[in-house]
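Opening the notebook on this one. I'll jot down what I look up as I go.

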Amino acid sequence: MSDIELISATKSFGGWLKRYKHRSHVLNCEMVFAIYLPPAAEEQKVPLLWWLSGLTCTDENFMQKAGAQGTAAELGMAIVCPDTSPRGTDLPGEHDSYDFGSGAGFYVNATQSPWSQHYRMYDYVTSELPALVSQHFPLNGKQAISGHSMGGHGALISALKNPGRYASVSAFAPISHPSQCPWGEKALSGYLGEDRESWKNWDSCELIRQLGSDLPLLVDQGEADNFYTDGQLLPEDLQAACQDAGVELNLRMQPGYDHSYFFIASFIDEHLKYHVEKMK
């Protein structure tokens with residue numbers, strides 16, 4: 001098991017926001033993650049929410065912009081934010097665009113060279129990092145998962161592919177049907193190759209039709225989100241897949257809200273309370 005090295009510690013709402021670095025064997029590079037530990041963690045083990053961020057983000061965006069620490073402190077909930085892609089690998093073309101490569105790991109296990117050497121973010125966020133944080137922090141084993149945009153896609157597929165692991169799942173403006181939108185087609189073809197059948201294993205709509213889900217899905221989508229109106233997010237496809245498979249979906253279309261962290265900050269408290277109730 002990798003050791004972790006503390007980068008920074010900041011007091012927040014009686015708890016601690018800490019950043020750590022460690023050597024990832026899955027990704028074959030050094031990685032950074034953030035964790036918020038509520039005051040209750042000093043006396044007992046606490047439940048955990050995984051937050052997966054979107055394109056161009058790091059571990060810092062959610063912790064600095066979402067305003068989640070106050071409610072997490074009140075609820076006695078820890079939050080872990082991984083990074084969104086491997087770092088420091090400098091593969092050819094890795095930094096050429098915002099929606100592929102650096103900052104855009106898409107939470108899949110790449111099979112195509114050279115990406116398969118490092119880009120196995122699914123294994124990182126569902127296997128390696130959970131083992132690491134469970135070893136080092138006072139967590140009680142109850143966990144939920146959420147995320148935004150690309151991270152919403154990551155949260156949904158992680159829950160769908162691991163039934164029974166998470167008590168609950170939610171998402172903000174997820175890339176719901178990546179095999180059918182420009183962002184997803186670019187990422188999945190680059191990481192997985194041109195066999196579109198293989199893409200279905202990393203697509204929430206396809207997984208729901210294949211596997212169903214005992215977990216209800218909570219999804220917030222801003223109606224003024226330009227990526228929604230441009231056809232990148234496709235919540236209507238998620239709704240159709242859930243209806244076809246008999247999966248409970250609470251899709252909340254939020255008038256006037258866009259894709260930004262102002263949108264996330266407006267509803268994050270409701271999501272945290274939703275998850276902590278499910279983890280009781």
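What volume does the second largest pocket have? I get about 150 Å³ for it, and I keep in mind that I'm working on a predicted model.

**Pockets**

I listed the lining of the second largest pocket next. Ala159, Leu160, Pro163 and Gly164 contribute to the lining, and so do Leu211, Gly212, Ser213, Asp214 and Leu215. Sorted by type, that lining gives five nonpolar residues, three polar and one charged.

Then I turned to the largest pocket. Its volume comes out at about 200 Å³. I find 13 residues lining the largest pocket, and Leu55, Thr56, His148, Phe227 and His259 are the ones that lie nearest its centre. How does the lining of the largest pocket divide into nonpolar, polar and charged? My tally reads six nonpolar, seven polar and no charged.

**Helix H7**

Helix H7 covers residues 204-211, and Gly212 follows it with a positive phi, near 70°. Both Leu211 and Gly212 are in the lining of the second largest pocket.

At the other end I checked for a cap. Asp203 caps the N-terminal end of H7, with a side-chain oxygen 3.0 Å from the backbone nitrogen of Cys205.

Which residues of H7 are buried? I noted Ser204, Cys205, Glu206, Leu207 and Ile208. What do the buried residues of H7 pack against? I see three partners: helix H4 (150-161), strand E8 (217-222) and helix H9 (235-245).

**Salt bridges**

I searched the whole structure and got 10 salt bridges. I followed up a few of them.

Next up was strand E8. A salt bridge joins the side chains of Arg252 and Asp220 (2.7 Å, N to O). With Arg252 in strand E9 (residues 249-254) and Asp220 in strand E8, the pair ties together parts 32 residues apart in sequence. Is Asp220 buried or exposed? I have Asp220 as buried, with a relative accessible area of 0%.

The last pair I logged is Glu60 with Arg19, a side-chain salt bridge at 3.7 Å, N to O. Glu60 belongs to helix H1 (residues 60-65) and Arg19 to strand E2 (residues 15-24), so the pair ties together parts that are 41 residues apart in sequence. I put Glu60 down as partly exposed, with a relative accessible area of 30%. I then found that Asp59 joins in: Arg19, Asp59 and Glu60 are linked in a network of salt bridges.

**Gly151**

I finished with a glycine in helix H4. Gly151 is buried, and its relative accessible area is 0%. What is Gly151 in contact with, leaving aside its neighbours within four places in sequence? I wrote down Leu52, Ser53, Gly54, Tyr107 and Ser146. I also took the C-alpha to C-alpha distance from Gly151 to Pro174: the two are 6.9 Å apart in space and 23 residues apart in sequence.

Key:
Residues numbered from 1 in each chain as written. Predicted model: local features only at pLDDT ≥ 70, side-chain atom pairs only at ≥ 80, totals over all residues. Heavy atoms only, no water. Buried < 20%, exposed > 50% of the residue type's maximum accessible area, 1.4 Å probe, protein only. Helix = DSSP H or I, 4+ residues; strand = E, 2+ residues; numbered from the N terminus. Contact = heavy atoms within 4.5 Å. Polar contact = N/O pair within 3.5 Å; in protein donor to acceptor, adjacent residues only side chain to side chain. Salt bridge = Lys/Arg side-chain N within 4 Å of Asp/Glu carboxyl O. 1 Å grid on protein atoms, 1.4 Å probe; cavity = no way out; pocket = protein on both sides within 12 Å on 5 of 7 lines; lining within 4 Å. Points joined across faces, edges and corners; volume = space filled by probe spheres on them. Nonpolar A, V, L, I, M, F, W, Y, C, P; charged D, E, K, R; others polar.
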